[in-house]
Amino acid sequence: MTSPSPPLTLYEVELAAKARLPKHIYDFYASGSDDGEALRRNVEAFDRLLIRPRVLVDVSRVDTTRQLFGWSSSLPISIAPSAMQKLAGGDGELDVARAAASLGVQVTLSSQSTSSLEDVQAVRRQVMDESGHEAPPLWMQLYLYEDVQKSINLIRRAEAASYEALVLTVDTPVLGNRLAERRTAVVLPPGMSLPNTDAPTTSPSKLPSVNRLLMNARTATEAADLLARSGSKMHSSSLTWAKTMKFLRGVTKMRIVLKGIMTAEDAALAVEHGADAIIVSNHGGRQLSSTYATIEALPEVVAAVKGRVPVILDGGVRTGADVFKALALGADFVSVGRPALWGLAHNGQSGVEDVLNILERELSRTMALAGVARVSDINRDRVGVVSRDGFGIAKL
């Protein structure tokens, strides 16, 4: 009996993952909020951009490396934070960290991970020791609660474990209307826990979190009663620019990256208030559904930032050509979330490595065919859109 052919595209990796995962787990990762409009738009908006290829350029050696904050990545690609990765398969976050470290790619760990931040750092260092090369640093994702003091312990743990940056998710004052989760709640099985939470436990609770209870509230009265009882345990809906950045600067020396910026106005405020980098993100389409794609938001954000801090894009990246297009519109890096989960579900660490290798080959090939030898040479002139009259290409 012949073994199945390895996947050649991220779409094939996702199909393999879908075949292996329980339906409610696949739906938990794959679905967006409401009717999934933002989720679909994230992917489909890339198709509106067309690459303008140049020829007779020496592309015998294509260089996909990229620098960020003084470290060198083998690709202009990082892995975005996603929760509870052991539900996808294998060793979860540990397999993702091993794959990323072995291929020189940066990872941001979710605060809702099923592996401790210390164990993930230990895995990264083990790969470094065995390979003899430096791996890109780890970043730690964070939500702030109404009682911001509840976050201090996690911040200090991350700093003590030599995480380089704190990635604050800023687009979640409440959870989006995630219908798949409302229909079938995801509960950690016995032996699986969230060791980075304020009160880690090895006894998984059958009760949904306060944030998910609020998402399930069916009336204004029910929501108000829940908020009155559990306000300090909720994702904060009262954060402000000055208050939030002052708090974070007061408790950590790590770089502060803001994830969830979608407008020029907020990008300018992020720089004004001292963010070290921003991530253009709509939470993978899991928050506000009636919004635009991250690649559509990117140009105005880049224009507002004016090169003062790095701009990273996540959402909808499914091919190396998508990476090229995001870089052409001014992103310094792109970040992928679901594709790493599909690789993990497909084949653990090797599956995540497959995802990164597919993206590397596609990006390298796209660069060669577009007449670009270095990532730094990818610019706005390299992409266009279909002209308004429906024929021909208009430069951006």
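Let's begin where strand β12 (residues 383–386) meets β13: three bridges join the two, and they run antiparallel. Within this pairing, V386 has I393 of β13 as its bridge partner. Strands here are DSSP runs of E with at least two residues, helices are runs of H or I with at least four, and both are numbered from the N terminus; two strands pair if DSSP finds at least two bridges between them.

This is a predicted model, in which local features need pLDDT of at least 70 and side-chain atom pairs count only at pLDDT 80 or more, while totals for chains, interfaces and linings use all residues. Residues are numbered from 1 along each chain as its sequence is written, and side-chain values use heavy atoms, leaving out hydrogens and water.

Now widen the view to the sheet. Its three strands follow the order β1-β12-β13, forming an open sheet with antiparallel pairing. At the edges sit β1 (49–51) and β13 (393–395), each pairing on one side only. On average, neighbouring strands of this sheet are turned by 50 degrees against each other, direction ignored. Helix α13 (residues 320–328) lies across β1 and β12, and runs at about 100 degrees to β1. Such angles run from 0 to 180 degrees between N-to-C directions, with axes as lines fitted to C-alpha atoms, for helices over the stretch in contact; contact means heavy atoms within 4.5 Å.

Buried means under 20% relative accessible area, with a 1.4 Å probe and protein chains only. In a regular strand, side chains alternate between the two faces of the sheet.

Next, look at two helices. Helix α2 (residues 23–30) packs against helix α14 (residues 338–370) at an angle of about 155 degrees, with the axes 10 Å apart. That makes α2 roughly antiparallel to α14, a label for angles over 145 degrees. From α2, Y26, Y29 and A30 meet R338, L341 and W342 of α14.

Finally, step back to the whole protein. Its secondary structure comes to 14 helices and 13 strands, and 53% of its 396 residues count as buried. Along its principal axes, the C-alpha trace spans about 65 × 55 × 40 Å. Among contacts between residues at least 6 apart in sequence, 74% join residues at least 24 apart.

Definitions and conventions. Parallel < 35°, antiparallel > 145°, perpendicular 65-115°, else oblique. Buried < 20%, exposed > 50% of the residue type's maximum accessible area, 1.4 Å probe, protein only.
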